[in-house]
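Here is a set of questions and answers on one protein chain. Please keep the model open while reading.

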Amino acid sequence: MNTLTPREIVSELDKYIVGQNQAKRMVAIALRNRWRRRQLDPELAEEIAPKNILMIGPTGVGKTEIARRLAKLAGSPFLKVEATKFTEVGYVGRDVESIVRDLMEIGVNLVRQEEEAKVRVRAEATAEERLLDVLLPTKPLESAGVDYIGPESRAADSTREKLRQLWREGKLDDRLVEVEVQSSGGVQAMAIPGMEGMEMQMQDMLSKVFPKKKKTKKVRVRNAYDILIQSECERLIDMDKVHEIARERVQESGIVFLDEIDKICGGGGSSGKADVSREGVQRDLLPIVEGSTVNTKYGMVRTDHILFIAAGAFHMSKPSDLVPELQGRFPLRVELSALTRDDFYRILTEPQNALTVQYKALLGTEGVNVAYTDEALNEIARFAQKINEETENIGARRLYTIMEKIVAELSFDAPDMSGVTVTIDRDYVAHALHDVQENRDLTRYIL
């Protein structure tokens, strides 16, 4: 998927996100530049740093979704964090270096899943044999390594094959067997706020001093099979190789989405110690964004080529309120536009995961068939825009509240309406929203 052209990337993003073409084009170019960089000589590639992006726009217009879908397309380790989680070094709160540690954990899990997929077939075959060993224990002579060929041996083989057939047909699924599993208990390091690094190293050290114990557990055959597959996967996968690949992938193609970055700006009329702490967070973020080396339990990780996408509404502050050094590390800026009535209509009809599709599928599980008229969707879009203008503008998230209000009664009665087709038309929408349309104060509370 890394070889997608910018046009193809935008086309993929269009399936889930309405509008915001300028932002889509910018992230598509950023992703393609990663592929271009890998085609260069290592000496020159090392000098080319990613161009970090700052997205500016109100809530609910697609900032987070663009970054999340982009990372999924690229198959890259992706981490979304709120800038407000962190505090200046010396205050109680999360250390900014935990961003890289969390990203590394995500990278390791991503690579591990890929490696598990490669050895899955072998693991399943071995797990099946181990399961049959549990169901039909071997003779003492055979277990001691002495070959015995005779009538009993052939009978045992025949019984084993019969058990294999019964297992594959699912007739043994509910039988209870005993298997060895790793004990979940262990020595836990004491969590100290703001000292995740030390806690991580202590946990790693204690896990080596006190290795995980195994215990016998009685489970159903179908669950035992899954446990044995997991055990075989762990045996077949070289975790040192996984850690090495994950570290390289995080360093070369990791994406960090820093949300709510406007909340750590010095602007907005606040004063006092809060400003000092906010600016301190920015200065702590600076070395991570501009490139540094962070110690993780998987080794040292360089952040020079990690792509940072920051986002914020900037209602009470502006990008120029960020410290100059941090501003310089986000050279690409794009403003996302507020959603219009047409955008709301497109959000209800175009995306593959549109809310209308979700509610239709959910109610379909009860045997209720839901149909929407075009007039109803237009009315919902008009109402969403109106409420956003009159109250707080929360973008597309307003549609969640309105749609839930519209189908609330239907969702409650659905179990008793199997086989019924319900058409949601303009009158249905108007009736469902009648109370909140009439009373402006009620609108503020309910929608």
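**Sheet, helices and confidence**

In strand β8, Ile 309 is the bridge partner of Ile 53. This is a predicted model, in which local features need pLDDT of at least 70 and side-chain atom pairs count only at pLDDT 80 or more, while totals for chains, interfaces and linings use all residues. Residues are numbered from 1 along each chain as its sequence is written, and side-chain values use heavy atoms, with hydrogens and water left out.

Q: How many bridges join strand β1 to strand β8?
A: Strands are DSSP runs of E of at least two residues, and helices are runs of H or I of at least four, numbered from the N terminus. Two strands pair if DSSP finds at least two bridges between them. β1 covers residues 53-56 and β8 covers residues 307-312; they run parallel, and the number of bridges is 4.

Q: In what order do the strands of the open sheet stand?
A: The sheet has 5 strands, and the pairing is parallel. β2 (78-82) and β9 (332-335) each have a single partner strand, so one side of each is left without a neighbour in the sheet. Neighbouring strands are turned by 15 degrees against each other on average, direction ignored. The order is β2-β5-β8-β1-β9.

Q: At what angle does helix α4 run to β5?
A: Axes are lines fitted to C-alpha atoms, for helices over the stretch in contact, and angles run from 0 to 180 degrees between N-to-C directions. Contact means heavy atoms within 4.5 Å. Helix α4 (residues 63-74) lies across β1, β2, β5 and β8, and its angle to β5 is about 170 degrees.

Q: Which strands does helix α2 lie across?
A: Helix α2 takes in residues 21-38 and runs at about 155 degrees to β9. The strands it lies across are β1, β5 (255-259), β8 and β9.

Q: Is Val 81 buried or exposed?
A: Val 81 has its place in strand β2. Leaving aside neighbours within four places in sequence, its contacts include Phe 86, Ile 99 and Leu 258. The C-alpha atoms of Val 81 and Leu 258 are separated by 5.4 Å, although the two are 177 residues apart along the chain. Buried means under 20% relative accessible area, exposed over 50% and partly exposed in between (1.4 Å probe, protein chains only); at 3%, Val 81 is buried.

Q: What is the relative accessible area of Glu 375?
A: Glu 375 is found in helix α15 (residues 374-390). Its C-alpha atom is separated by 9.6 Å from that of Val 429, 54 residues apart along the chain. Glu 375 is partly exposed, with a relative accessible area of 46%.

Q: Which residues of α9 are buried?
A: Helix α9 (residues 221-236) has 16 residues and reaches 22 Å from its first C-alpha to its last, close to the 22 Å expected. An α-helix has 3.6 residues a turn, so residues three or four places apart point the same way. The buried ones in α9 are Val 221, Ala 224, Tyr 225, Leu 228, Ile 229, Glu 232 and Cys 233.

Q: What is the mean pLDDT of the chain?
A: pLDDT is the predictor's confidence in each residue, from 0 to 100. It stays under 50 over residues 140-151 and over residues 268-274. Where pLDDT is low, the predicted coordinates should not be read in detail. In the chain, 81% of residues reach 70 or more, and the mean pLDDT is 81.

Definitions and conventions
The expected span of a helix is 1.5 Å times one less than its number of residues.
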